[in-house]
Amino acid sequence: MSELAHIGKDAAGGSTQQYVTVRIGPQLFGLPIHMVHEVFVPEAVTRVPLSAEAIEGVLNLRGRIVTMLNLRRLLGLDRPEGDGMAVGIEHQGEAFGLMIDDVGEVLALDANSREANPANLDARWAALAAGVHRLADELMLILNVELVLQRAGTAHGLPAAVAH
Amino acid sequence: MDDLLREFLTETNESLDVADVELVKFEQDPNNAEILNNIFRLVHTIKGTCGFIGLARLAALAHAAETLMDKFREGRPVTTDAVGLVLSTIDRIKVLMAALEDSGGREPDGSDRDLIALLEAMAAAEPEPVAALPEPEPEIAPAPPAQQLERDLLPGEIPLDELERLFRETEVELPARAPVAAPAAVAPPAAKVLDLPAAGKALDKAPVGKAPAGKPQGAAAVPPASPKEGAPRGEEVAHASAISAQSIRVSVGVLEQLMTMVSELVLTRNQLMEIARRHENSEYKVPLQRLSNVTGELQDAVMRTRMQPIGNAWQKLPRIVRDLAQDLGKLIDLEQIGAETELDRQVLDQIKDPLTHMVRNSADHGLESPDERRAAGKSERGLIRLSAYHEGGHVIVEISDDGRGLNVARIRTKVIENGLAAEAEVAKMSDAQVFRYIFHAGLSTAEKVTNVSGRGVGMDVVRSNIEAIGGTVEVRSRAGQGSTFIIKIPLTLAIVPALIVRAEGERFALPQSAVVELVRVQPGSDHAVKWLNDAPVLCLRDKLLPIVSLGSLLGLSTGGAARPTGGSDDALIVVLKVGHQTFGVVVDAVSHTEEIVVKPMSSALRQIPMVSGSTILGDGRVIMIVDPGGLAQSAAARAAEAEEDSRAAHEEVRRAVSEERTSLLLFRAGSRNLKAVPLALVTRLEELEVASIERVKGYPVIQYRGALIPVLYANEEVRRAESGTQPMLVFSDDGRTMGLVVDEIVDIVETPFDLQLSPSNMPEVLGATVVSGQATELLDVGFYINVAFGERFVQMLRPAARARLLLVDDSSFHRDMLAPVLKGNGYEVTACASAREALERLEDEGGFDAIVSDVELPDMDGFALASAVRSNPRRQNLPIIALSAGRDRDAIERGRAAGFTDYVAKFDRSGLIAALKEFAGHQGAAA
């Protein structure tokens, strides 16, 4: 959970952490802002044969090959309808794109107000979430990008995720 | 670890490698003052650098080595021991360096007193009075700088006393050149100590100052070196230093980044060109063309920065060979040709280990000991030659030795022992094919395991390493003349020519290096796709290639794994060759070839089999690069499955055979009962023109194919037609052909066979069996042949003492078929159903003149029987004749090896009789 370690270091006001909010299905997620490189509309995604289910494919983003991860599949949601968007992240020198439905605003939240995942959260979701923030009108799950990448690389489909 | 230390480590490691090489050269050529000076300089630099950074242990060690080296410069004769000692000192320094790197800059604890003591002892021993220009040791000896600086020196800086020494030496010993060399040597360092580290470093690396300083010393130490000789060398050194001064050190990361950006530029250019093609009269056209050219040149230039001479990978080899030669007590020369041949550094890294391994192998197994070499009439010194050259986009590296060559016989045995191929297959292989097995896992032909090699790992790893970078390795060898390994590797891994193909709507890149040809299979084309069980194969000229579908291998096909119909009549097949495996890959379309820039897969995708990377095409789309090696493995796996299937099918056939399924020709002759003969014994079925029957000496004969053959009626009851035709079976037996007239041919059936011996008084009936619920009499073909031809034979062959035969066949049918024939030919026959029974009878009864045995017996087969029989020395000469359904050469070979005297096909009675006559006849007569 290395991004949690960044709390306070990156944030301007002591223990606040900035999140880029994204929507996947009905749910609002927050990605730590330092992880997010850019937001783009994925085009011309090439399927990668024999790859894990969570991998949507790869695409060429200004000359870099970006591995696209399908978060809906990781979360066990239905197939997305229509064109989505993607959040570009960097991890150990490699570029990944997280497929999302929509991107929202940037929120600065107090790290202390973060609450643990509720015990009854779907195992697939809990495996990717690093806590919950209560916003004015809804809940925002913090997406642990490292875990997402681990899952995408190792978990072949959902059973493995459920098992955890 | 700070940059300073890292820089030091890199630099020193390089120096050490060079020192290794130089020392080995020096050992062979101890009078070469120049080499000595090179080494001295290197060790000296190491000592100096270590001193600066405060690495006391390293500095002390290097100092002791330097002191010894200095003795050589004074003219002390060079001994192997001394060089060995210096080499082990360098090894120790390497160990310390490694520890330093691991610990992030702390010198490991411990002492090098042992080595230093040895070095000092050797330096002190028998001081040579020869030294032409005695250079007082104390001047170099003080390792801790005599003159103290206010601060620690930076790496690359030279301590003051060092400069002073240089200055002194230069001035004193090189009066002629001093004006030129000395100021150059001294002035910059002087400035540098006053904080110009960069300049200082360049100086330290480029031997501008030190080379001329060291050079004349050497010349002086070796009196014969004439001034004339010295002068051009000095220039050479100066030239070399000028070159090195022009080069700078750039981190690999920067180069990689450059490469990526250039690739990017190439792609963008491609896209622009694409747009320009669509707009005919664009004013961009000319500038775009120029952009395109410049981009191409830039790409080439950047590619060149990644190139390194292959000599870098060879650097450690002289030392390795030297050490090996000492360990093994051999004399080995190492020749390097084409060390300047350049190839991509990524490739270089990959082949370093394989090369080392192969050179070790050559030294260990390839080359003989001096005694053996002398005995073989060769020079005592063995030669290992490394050569490298370019050949059309590839670099060829050859490692050859003039040793004993590969032991073909031994590899053959090994291959069989390790179950890599059946004995029969191996027997058919050419030597070249056999040699390839040395690249198989688990095949080491070394008679004994040495600490150098021979542990059964190695060549397979070599092969996989080389194949991993798209290279190939092969071996040539001639007994007594040595062997040559030829490695063919691509120049670079970053850009490869690839064939772009389409499968299931996706495009893929197939590296061109693996593509042999493209084949279009259409109805009516020369090539066809055939199905063997469920496995499709391509009949291409004289070869059968397994084919796989790219789409289904990559899991893209929607309609299941195989397309039993689709691929067969109209298919596009890319024939790939990977290693020794050639196979076809079915694709939907082939578009074009393109130089693609290989981009590594992200870590999340790296484990995917059959995909080795990705690339971006001109239209900006990412496509996968298919790994031919992975495809080959999958193809092999599928083939194995198919083989499994076909083996199962074989198994079924075998089971059927063991259930005595026999093809019988059913007919009627006389009575309503069905009669039968084994179909295998029937040569032809004919319609006999009754009118054509003639009589010779009262026997009916007909003209059949230009010869007169006897005709018999199956029995008394067979209708003797007056006219028209009547069915006739033709039997052939050793050139003797006869016709058997019957009433009606009914059918040919394949049926399980259970022969009931009939107590019938009819000699022509062998017995009865049930076919399709009907009792059927089996007629004895042998009887008829004997009747037609045999009476005389039988009479002749009935000597007073008949030869005794032991007939072994698990099938009662065959026993019953053969026994009468053999009896008819005058042998006394004892039949047994198994090999064990046969052996028992042989023990109990004895006195057999020959054994006639089926090869396929349950439990213990004919080969085992033959071996068992032969194991008794008294039966070494007992003829054993094998009966086998198949008569392929391999089985015959194997049979002979097991001890069979002769081999006869199962239904070849005349062959059997002939064999018996040949082998058992004499026996019989003798007995």
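The model is a predicted one, in which local features need pLDDT of at least 70 and side-chain atom pairs count only at pLDDT 80 or more, while totals for chains, interfaces and linings use all residues. Residues are numbered from 1 along each chain as its sequence is written, and chains are lettered from A and ligands numbered from 1 in the order in which they are written.

**The two chains**

- Chain A has five helices and ten strands, where helices (H or I, at least four residues) and strands (E, at least two) are DSSP runs numbered from the N terminus.
- Of the 164 residues of chain A, 40% are buried, a residue being buried if 20 or more other C-beta atoms, placed from the backbone, lie within 10 Å of its own, exposed if 12 or fewer, and partly exposed in between.
- Chain B contains 29 helices and 35 strands, and 37% of its 927 residues are buried.
- Among contacts with a separation of 6 or more, residues 24 or more positions apart account for 57% in chain A and for 66% in chain B, two residues being in contact if their C-beta atoms, placed from the backbone, lie within 7 Å.

**Where the chains meet**

- The contact between the chains draws 18 residues from chain A and 22 residues from chain B.
- On the side of chain A that touches chain B, the elements giving two or more residues are β4 (55–61), β5 (64–70) and α4 (145–154) of chain A, and β4(A) gives the most, with four residues.
- By class, that side of chain A has ten nonpolar, six polar and two charged residues, with Ala, Val, Leu, Ile, Met, Phe, Trp, Tyr, Cys and Pro counted as nonpolar, Asp, Glu, Lys and Arg as charged, and the others, Gly among them, as polar.

**Helix α14 of chain B**

- Helix α14(B), residues 317–328, has twelve residues and reaches 16 Å from its first C-alpha to its last, close to the 16 Å expected at 1.5 Å a residue, the expected span being 1.5 Å times one less than the number of residues.
- The buried residues of α14(B) include B:Leu317, B:Val321 and B:Leu324, and just after the helix B:Gly329 takes a positive phi of about 65°.

**Packing against α15**

- α14(B) packs with helix α15 (residues 345–366) of chain B at an angle of about 30°, their axes lying 10 Å apart; axes are lines fitted to C-alpha atoms, for helices over the stretch in contact, and angles run from 0 to 180 degrees between N-to-C directions.
- The contact of α14(B) with α15(B) involves residues including B:Leu317, B:Val321 and B:Leu324 of α14(B) and B:Val359 and B:Ala363 of α15(B).
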